[in-house]
Structures are given as structure tokens and as C-alpha cells.
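I opened this model to go through its strands, its ring contacts and its charged side chains, and to keep a record of each look-up. These are my notes.

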Amino acid sequence: IFLIQQKNGSLEIRQGNPNDDDDPNNSLLIWESGITTTTSTSLSNTKTTYYTKLQGDGNLITWSRTNDNSATIKNPIWKSNTVQIDKDGFYFLALDLCHRSVIIYIKKGQDTTAITSSND
């Protein structure tokens, strides 16, 4: 099982070999964020890339980053909407195979609590 950020921005969890035929899309899709973006290629000096970050407040966000000769522009394109007021703790992702969903947990001391579950 592996996590991959697709070129269109979609964050996916897949089962299989990520190096199979140099095409991870040959593997079984378990979960996806559902992002479908299109990037204009009319300007040859513009490039858009995507990355996803689990922030210190518990919110999982996918960002687009567009670079051209004059500036870098970052925009959020998907988020889990799981911002926590109490930021003390350690956040991590887990996969629920039974429900094909991603769960964000917070661990504080000996306590672990799910703060979200999403399959969309």
C-alpha cells in the first residue's frame, strides 16, 4: 500500500507495486481526494506542481504551486477541514480498509483520538 500525489493534484492511496511498469496507476485505487485539475499550458514558462501537507493544526491540505519567471503562487485546492483549536499533540494518518477511508488521528500522551474520517 502506498500514498501518491498524482500530476493532476489528486492524493491517492493505492495497493500494489508503485514501480510496476513505471506506472503506479496499474495498481488498485483504494482512496482518493477527488481532485481533478487542469493546468493551462499556453505559457511555456509556467509550471504547476502539487503537494499535500498534514499541518500542525490537524488539517490535511493539498496545495498547487505555480512558478513562472516573476513569482510563485500557492493556492489550496483541497482540504480535510479538520483544524483543531488545541494544537498540542502529534497528528498522523491511518487507512481504514474496511470503509476505504483516511482517518486523521491526534496523539496526546497516552491518548489517541480520531478527529476525522473521510472517503470523499
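**Entry 1: ground rules.** I am working with a predicted model, in which local features need pLDDT of at least 70 and side-chain atom pairs count only at pLDDT 80 or more, while totals for chains, interfaces and linings use all residues. I number residues from 1 along each chain as its sequence is written, and the side-chain values use heavy atoms, with hydrogens and water left out.

**Entry 2: confidence.** I looked up the pLDDT, which is the predictor's confidence in each residue, from 0 to 100. The protein averages 82, and 84% of the residues score at least 70. Confidence is highest in strand E5 (residues 60-67), at a mean of 91, and lowest in strand E9 (residues 111-118), at 77.

**Entry 3: make-up.** I counted elements as DSSP runs numbered from the N terminus, where helices are H or I of at least four residues and strands are E of at least two. The protein has 0 helices and 9 strands. Buried residues make up 32% of its 120 residues, where buried means under 20% relative accessible area, exposed means over 50%, and partly exposed lies in between (1.4 Å probe, protein chains only).

**Entry 4: the sheet of E1, E2 and E3.** I took two strands as paired if DSSP finds at least two bridges between them. An open sheet of 3 strands runs in the order E1-E2-E3 with antiparallel pairing, and its edge strands, each pairing on one side only, are E1 (2-5) and E3 (28-32). Neighbouring strands of this sheet are turned by 35 degrees against each other on average, direction ignored; the axes here are lines fitted to C-alpha atoms (for helices over the stretch in contact), with angles running from 0 to 180 degrees between N-to-C directions. E1 pairs with strand E2 (residues 11-15) in the antiparallel sense over 4 bridges, and isoleucine 4 stands opposite glutamate 12 in E2.

**Entry 5: the salt bridge.** I then asked which side chain glutamate 12 meets in a salt bridge, meaning a side-chain nitrogen of Lys or Arg within 4 Å of a carboxyl oxygen of Asp or Glu. The partner is arginine 14, at 2.7 Å from N to O, and a search of the whole structure finds 1 salt bridge. Both side chains belong to buried residues, since glutamate 12 has a relative accessible area of 6% and arginine 14 one of 7%.

**Entry 6: the sheet of E4, E5 and E6.** Another open sheet of 3 strands has the order E4-E5-E6, with antiparallel pairing, and its edge strands are E4 (47-54) and E6. The twist averages 25 degrees from one strand to the next. E5 and E6 pair over 7 bridges, and lysine 74 in E6 is the bridge partner of arginine 65. I also found lysine 74 over the face of tryptophan 63, at 5.1 Å from the ring centre; the rule here is NZ of Lys or CZ of Arg within 6 Å of the ring centre and within 35 degrees of the ring normal.

**Entry 7: the tryptophan pair.** Rings of Phe, Tyr and Trp (its six-membered ring) pair if their centres lie within 6.5 Å, and planes under 30 degrees apart count as stacked, over 60 as edge-to-face and the rest as tilted. The structure holds 3 such pairs. Tryptophan 31 and tryptophan 78 form an edge-to-face pair, 6.1 Å centre to centre with 70 degrees between the planes. Tryptophan 31 lies in strand E3 and tryptophan 78 in strand E6 (residues 72-79), so this pair ties together parts 47 residues apart in sequence. Tryptophan 31 is buried at 4% relative accessible area, and tryptophan 78 counts as buried at 16%.

Entry 8: Phenylalanine 92 and tyrosine 105 form a stacked pair, 5.3 Å centre to centre with 15 degrees between the planes. Phenylalanine 92 is in strand E7 (residues 90-96) and tyrosine 105 in strand E8 (residues 101-108), so the pair ties together parts 13 residues apart in sequence. The two are also bridge partners, and E7 and E8 pair in the antiparallel sense over 7 bridges. Phenylalanine 92 is partly exposed at 27%, as is tyrosine 105 at 22%. Phe90, Phe92 and Tyr105 form one aromatic cluster. The hairpin has 4 residues between its strands, and arginine 100 takes a positive phi near 50 degrees there.
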